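Dear colleague,

Please find below the structure that I am handing over to you. My findings follow directly after it.

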Amino acid sequence: MNCCKKKYLLNFAEKITMTGNWQTNVITKTVKWSANFYRIMGLEENTEVTFNTYLEHVHPEDIERVKLHQQNTLKNNKFEDLVHRIKLQDGTVKIVRVRANINVNEFGDIIDIIGTCQDITEQKASEQKIIQAKENLIVLTQHLSGQNKQLEDFAHISSHNLRSPVSNLNALLHLYRISETEEEREELFEKFETVISHLTTTLNTLIEALKTKKECEKELEILEFDHILRKTKEIISQKISGTNAIITSDFSKTPKIKYDKTYLESIFLNLVSNAVKYRSPNRAPEVHIKTEIIDGKIKLTFQDNGLGIDLKKHGHKLFGLNKTFHRHPEAKGVGLYLTKVQIESMGGKIYATSEVNKGSVFTVIFNENRHEEPL
Amino acid sequence: MKNLYNICVIDDDKIYQFTISKTIKVYDLANEILIFSDGEEALDFFIKNIDNTKDLPDIILLDINMPIMDGFQFMEEYIKLKPRVGKKILIYMVSSSVDPSDIRRAEMISEISDYIIKPIEPGELVEIVESFRRNIS
């Protein structure tokens, strides 16, 4: 094959692979570009080029990295593969992959560098699309698993929390039918009232939870933790003063959050009043609330010195509906369930650590990345 | 002979406690009715009265979901205690849970005679006492 034909083939191969080749002579400080390299750089073929011409086309945000790469190449006599952006004179931005070999003389000094430069803009864009699609799928899967879990919870709730009051009603009804005195009937009637009011509470909670799920697109506002806590304290001020509770807080790490106001208030109200409600009889309740940033997410913790919960025994049902863990007249088992539903509907999570007779820590991790809508 | 047996109810539901004891009384099914609101209360009673065989229940109606110590946790403790119990005790799990995993779990425990889904009908209660009587004689 003659030289001309070889050159034609090379040029053809470069065109379809969107690759150009170049040579830099370190001694004479001259550079030589192939026709297709000129095309990639958006320059007329055979334009006068120097080594600086290349650097002038490197994207400003990548220039430091490219210069560092250059220094390393000269220092180590090795050209590592390099991917960076270039910016053409007309403003077009491309992504290129540069590969090269170094030729050295007998003393180990660099004579010249011969390399290729491939335009991988489209490749990167497709890659990006795949990554994006994968991320969207992950979000969608999380969303669906969340909904699945909620449906399971619902089935569980209707089985447990609706069946038992209804079976109580049936038993009461039977006793009512066979009752003989007015006194008995009156007593039974009181029991009916208790069950019905319990059933009403359960249904209201379920409706509350259903609402939570439907309003997935809430109006978010910037809220100050300090304000929310102040409001919570006002609502339960009687309980606080009645129990000599000490409530301290430190929101200095991250004083604000973009969140749904009603939910955040409800989270604070439930967790703070729980901490006071389940206090130890041996000491005044102390609650410390603070925020931190962990892996870019806001972490809110409520630490108390109360009764604590045996999580080995009860951990799996801590956030279930109508689950109670203390022989406490006010324990209804509604608060933590709703709190969890609200937090999860906003993409966050809640968990607890606890030691019996020492106290509990409830931790809320808010999801900061939820601005991206699932598909 | 009637009214020889002690029936023990372990359930945190106050209304259920009321209806079940009322039913037991109306149908005259027990000598003594013992009511506990969770497994731990019942267990404490067992430990205290382990040697007073006649005060111990003959039949236990045990709920699953309770605070402090639930029905399954109670069974774990009861099995440890069983060798020291000087009489035959029939245990029925009585729950409003229709969760197959609860039912399967109860079936796995040989000390549990049966799983009854609430509401427990008076007829079923009579049958339980009858079967206990047959069993003992």
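The surface of this predicted model carries a negative patch, which is formed by A:Glu183, A:Glu186, A:Glu190 and A:Glu193. Of these residues, A:Glu190 lies in helix α6 of chain A, which covers residues 182-214. A:Glu190 counts as exposed, because its relative accessibility is 52% and the cut-off for exposed is over 50%.

A:Phe12 belongs to helix α1 of chain A, residues 3-17. With a relative accessible area of 44%, A:Phe12 is partly exposed.

I turn next to strand β1 of chain A. This strand spans residues 19-25, and five of its seven residues are buried, so β1 is largely enclosed by the rest of the structure.

Which strands does β1(A) pair with? One is strand β5 of chain A (residues 110-119), which runs antiparallel to β1(A) and is joined to it by seven bridges. Within this pairing, A:Asn21 is placed opposite A:Thr116 of β5(A). Another is strand β2 of chain A (residues 30-33), also antiparallel to β1(A), with four bridges between the two. Here A:Asn25 faces A:Thr30 of β2(A). The strands β1(A) and β2(A) form a hairpin in which four residues separate them. In the turn of this hairpin, A:Lys29 has a positive phi of about 55°.

With kind regards

Notes: Residues numbered from 1 in each chain as written. Chains lettered and ligands numbered in written order. Predicted model: local features only at pLDDT ≥ 70, side-chain atom pairs only at ≥ 80, totals over all residues. Heavy atoms only, no water. Patch = residues over 30% accessible without salt bridge, like charges linked within 9 Å, V, L, I, M, F, W, Y side chains within 5 Å. Areas by Shrake-Rupley, 256 points an atom, 1.4 Å probe, with all protein chains shown as cover. Salt bridge = Lys/Arg side-chain N within 4 Å of Asp/Glu carboxyl O. Lys, Arg positive; Asp, Glu negative; His and termini not counted. Charge placed at Lys NZ, Arg CZ, Asp CG, Glu CD. Buried < 20%, exposed > 50% of the residue type's maximum accessible area, 1.4 Å probe, protein only. Pairing = 2+ DSSP bridges.
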